[in-house]
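Visitor: I'm new here and I'd like to know what the labels on this model rest on. Where shall we start?

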Amino acid sequence: MSILHANEMTVSAANANATETLTGAGFEELKARLAKEQRAIRIRRFTSNKGAVFGLVVVLMVLLLAILAPVICHYDPLALDTVNRLKPMSLAHPFGTDTMGRDVFARVLYGARISLFVGFTVGILSGVLGMVVGLYASTNKLADNILMRICDGLKAIPSTLLAITLMAVLGADIRNVIMALTIVSVPSMARLARGRALVIREQTYIEAMRCLGASKLRIMWKHMAPNIISPIIVQVTFVFASAIISEAALSFLGAGVPAPAPSWGNILNEGKSVIYQAWWIVCFPGAFTALTVLGLNLLGDGIRDFIDPTSEG
Amino acid sequence: MDTWKTKPVVLRGTGVKKYFPVNTGIGAKKYVKAVDGVDIEIHKGEIYGLVGETGCGKSTLGRTLMLLTEPTAGSIEVLGKDITRLKGKEQKEMRRKFQMVFQDPYTSLDPKEKVGDILMEALEIHGIGDPKTRLDTAMEIMHQVGLRPEHFYRYPHEFSGGQRQRVGLARALILNPEIIVCDEPVSALDVSIQAQIINLLQDLREQHDISFLFIAHDMSVVKYISDRIGVMYLGHMMEEADEEELFKETLHPYAKALLSAVPEVNPHIHKERIMLTGELPSPMNPPSGCVFHTRCPYATERCANVVPVLREIKPGHKVACLKYEEGGLSAG
């Protein structure tokens, strides 16, 4: 904060009574400088959170591995090589091979694509839906009663069981996995958004906006949404992480991403029957899942600090 | 002085009532009578001070006049136009004419919005000007309330309480309103900052000829700033007079007690304080007749039965007390 005050001093000295003189180029310059300053404050807040930086590095690395999978690894994750079944780790197969001789390293990398895609999509979808539901529920009594009762109903059923049931009805397919996991995670998101929105709604600045004549939509999206988004974003990273686990659980139970395509869950599923002969099949995708989830949770914490201008970090 | 007296009325509330329903669980629904039939008139360029103890309904009156809560009964006119029944677009149009400054400068600004955006948004809502002229207007207003240009891109939490209240004032001013309701605008600030804000209000009144309804519980602040003062008790207006007149010749027993509580600067002047007995009655179950009769040292049997009306005793001096009514108690 000391940098801030120093800046203020020099500026006020430079234009002691400044409003009249400050036009055009001078203003643009001031604007650019202050924007830069704000950004610097935010970045400093984020980087001072060591956990968040670690989380960001982990997530970026996993993301990079997933994107660069064809460059890093020359094996086809689906190519069978029955001669080399259950081979332990070697230079040729850094993570060993599975029951059908497929390269586990390749399967983990390509599986990261599917797992991350599912997690990300579920996180974003449930975040957006949860926020819409929560905001509308907080401003309309009737909508509140209807939407929240639906959420209560959904929450009453254990989420994994609900997801399995939905998968049984919808059929095993990646799109259905996303849909099922979104349905499962929206209620808690909506509850969170509604709870925050009910607090924000009573704040004086919302009343001040009404006094200015702002429309309901403007108040809802321009003033309430930005103020409830911090906990939502943290929750999104948690949902992202838990969606990866849930997808793994669904695939593990055979109700997730269908068989030949690799996802961290179904690699685990296939590996479990041979866990005593070939521990590496289970170990590596498991480690990747755990590390990614940890990274995401830490990152979520950091993003909240970055977004909220009032947090001291 | 007192040029406002001849000026037209900007805001007129007639018989304004605001009841809040209370859920008692069983039996009939009860109401908190926060404001129970108040008449108020504010002239152009006037600063009207509204005082009363906590819970007397002064803030509720202010919020009701600003249509932040719908009045239970009565009418509110701004520039001669009844605004109580206006809906949607018409109400939004009229809102430009009356604005509000809030008590707590720490919660009345959106923490996620930069000061410049807060100011420009007011113009944007009403579709005034284009982005370029909005920026110029916002800069101009910031200069008027004593904020520097570089504050434009700062977030509210980077300001002190006094500066935030300046932002709140700038937001109210930018639409060029006729009247601004200030709901205890200085009670959350340090004394030295209070003086700055109050002087700023007076400057603005002189420059723009804006009327202010200044709600406060600090008598010394109200005495300093107001042209006219109204004293409220339990949702009723008890006395209303020019600032000088009210302090020189207080009529209502409640107002007397309230004014006697103002500390005197000179330690040699020994002022007699009138101590009221009893508690403020619940506005859910206000006393019959005159609401003050349970604590009034002059109360008679008649006070418990007859509701006194706010009557003009002398030019510009109104009081709601049976003591001053013809055939009432002997004045003393």
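Guide: Let's start with B:Arg12, which stands opposite B:Glu77 in β4(B). Before going on: this is a predicted model, where local features need pLDDT of at least 70, side-chain atom pairs count only at pLDDT 80 or more, and totals for chains, interfaces and linings use all residues. Residues are numbered from 1 along each chain as its sequence is written, while chains are lettered from A and ligands numbered from 1 in the order in which they are written.

Visitor: What makes β1 and β4 of chain B partners?

Guide: Strands (E, at least two residues) and helices (H or I, at least four) are DSSP runs, numbered from the N terminus. Two strands pair if DSSP finds at least two bridges between them. Strand β1 (residues 9-22) of chain B is joined to strand β4 (residues 73-78) of chain B by five bridges, and they run antiparallel. So these two qualify as a pair.

Visitor: How many bridges join β4(B) to β5?

Guide: Two, again antiparallel, with β5 covering residues 81-82 of chain B. Here B:Val78 faces B:Lys81. The two strands form a hairpin with two residues between them, and B:Leu79 in the turn has a positive phi of about 50°.

Visitor: Why are β2 and β5 of chain B called edge strands?

Guide: The open antiparallel sheet of chain B runs β2-β1-β4-β5. Its edge strands, β2 (30-43) and β5, each pair on one side only. Helix α1 (residues 58-65) of chain B lies across β1, β2 and β4, at about 115° to β1(B).

Visitor: What is the strand order in the eight-strand sheet of chain B?

Guide: That open sheet goes β6-β7-β8-β3-β9-β10-β12-β11, with mixed pairing. β6 (98-101) and β11 (311-314) of chain B have a single partner strand each, so one side of each is left without a neighbour in the sheet. Near the end of that order, β11(B) and β12 (residues 317-319) of chain B pair antiparallel over three bridges, with B:Arg311 bridged to B:Val319.

Visitor: Why is chain A described as more spread out than a compact globule?

Guide: The radius of gyration is taken over C-alpha atoms, and the globule rule is 2.2 Å times the number of residues to the power 0.38. For the 313 residues of chain A the rule gives 20 Å, yet its radius of gyration is 25 Å, so chain A is more spread out than a compact globule. The C-alpha trace of chain A spans about 85 × 50 × 30 Å along its principal axes. Chain A has twelve helices and zero strands.

Methods
Two residues are in contact if their C-beta atoms, placed from the backbone, lie within 7 Å. Axes are lines fitted to C-alpha atoms, for helices over the stretch in contact, and angles run from 0 to 180 degrees between N-to-C directions.
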